[in-house]
Amino acid sequence: MANEEVTIFSTGVFVIAVYLIKLVLLMKKDTTSRKEPELGKPLREREFDLDEQSVFCNSGTYSCVPRRLVHRQIQLIKEREWNPFRWYKTTHHQLLEGSLNAVAQLVGAKKENLTLIDNTTTATNVILKNHKYFPGDKFLVVNQHTYPAVWKQVEVVARETPGVGIVDIDIPFPIRSKDDIIGPYAKALKENPGIKIAIVDHITSNTVTQMPLQELIDLCHLHDVIVVVDGAHAPGQLQLRVEEYGADYYVGNLCKWLMTPRSVAFLWVHPKHQSTLRPLVTSHMEYMDNFRERFYSFMTRDLIPHFLVKDAIEFHKELGGIDVIVPRSSGILTKAVDMLSKSWQTRELGICPELRAPCMRMLAFPSELNEIYKYSDPGFCRELSEDLCEEGIHVKCFYFDGKIWCRISCNVWNDMDDFEKVRDVILKFVREKKERIKKRTLTQ
Ligand SMILES: Cc1ncc(COP(=O)(O)O)c(C=O)c1O
């Protein structure tokens, strides 16, 4: 080859190589951005209809349904109303199967052990009211940690049979390790041979604690105690392996951290309890052998939220799924708690890092709030939450241990700006309340 030809050839090779490298880099960038769309404010604007004037840091109570799922919900309603007969005979079943398959895969459960149900409250009622109780039987619940509505169900069931009791244990703060939780359970189980059912929260609501689930299930089973796992907050916050836990029942809400429309949770039932478990409402399917069919017997009920589970799980995956969403939320919350506790001169609830709920944290409000709301009437927390909603911030308020606590949640639409707004609104709120009280005392 002549010199000139060699130069042309090498330039050609060089140009092609540069082009190929650029192409590879572009493709790589493309897949990364496809896997992880930007979360926080851009996502909120693109996918949610949340009020722009407010900050929503209370997914622990009410999450939000993405716009595309709301549209799909409307589309399904229209489809149903176009031909209701066909809907209930055919479409209904196909959509349900799709949802059950998606949940089973997500939570690590066998489909045949799962059913969908309206919410955790309904599921725990079904479980507790299906068992037969005899004098001497007891329930095991945990002060501050067991969800108040579940606690009330236990009280109602216990009241119905004379001689049935409740063992309530304390797990005081700070919680330094799993042993601080396992110890009180072990003691109660040893001292109370009559315990028949233990309620174990996977993630507690009011105290944002991740319970050592496997250890507690195994411990209860050593004492022949039935374990009901209240996993209302777990789907979407934790990578679940429901089948492996081997509990008796596991219940998880899908409308909180997976953002399905409200009115859908899953109920997993150990095969040994399936033949006797019945829904609270008796209907046509009462005598079906399969427990799942018995739970899908409500004929004209509106089950559209149940059919959107698959779409919700796909949306969650599109955002990166638990592996992306949860570390991001935990990271933001750690910074937020640090920033808020410095600014409010307060502290976080004492829970060791490995037992903290991934997407919810709890810290005390500025102490001046205690002085403003002097009384410990349970109603005042609701009043405080409502006052804060008026100010445009949504957080959960609790009163215990002589302090008012603020639970903050981080979901896919949140970013650090939201928590900065929470900080500023609270400081302003406290300042204004104090000024108002001062003026009132001066004029009295
Ligand atoms: C731990 C826990 N259990 C049960 C429930 C009740 O859930 P639902 O209101 O969806 O029935 C909640 C609700 O927040 C909860 O946090």
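## Ground rules

What you have here is a predicted model: local features need pLDDT of at least 70, side-chain atom pairs count only at pLDDT 80 or more, and totals for chains, interfaces and linings use all residues. Residues are numbered from 1 along each chain as its sequence is written.

## Around the ligand

The ligand's shell is made up of N119, T120, T121, Y147, A149, V150, D201, S205, D230, A232, H233 and N253, where being near takes a C-beta atom, placed from the backbone, within 6 Å. Four of them are nonpolar, six polar and two charged (Ala, Val, Leu, Ile, Met, Phe, Trp, Tyr, Cys and Pro count as nonpolar, Asp, Glu, Lys and Arg as charged, the others, Gly among them, as polar).

Helices are DSSP runs of H or I with at least four residues, strands are E runs with at least two, and numbering goes from the N terminus.

## Strand β6 and its partners

In β6 (residues 226–230), four of five residues are buried, that is, with 20 or more other C-beta atoms within 10 Å of their own, all placed from the backbone. β6 runs parallel to β5 (residues 195–201) over five bridges, with I197 partnering I226. On to β7 (residues 249–253): β6 pairs with this strand in parallel too, over three bridges, and V229 sits opposite Y250. Pairing takes at least two DSSP bridges.

## The three-stranded sheet

An open antiparallel sheet runs β9-β12-β11. β9 (360–364) and β11 (396–400) are the edges, each with a single partner strand, so one side of each has no neighbour in the sheet.

Key. Buried ≥ 20, exposed ≤ 12 C-beta atoms within 10 Å, placed from the backbone.
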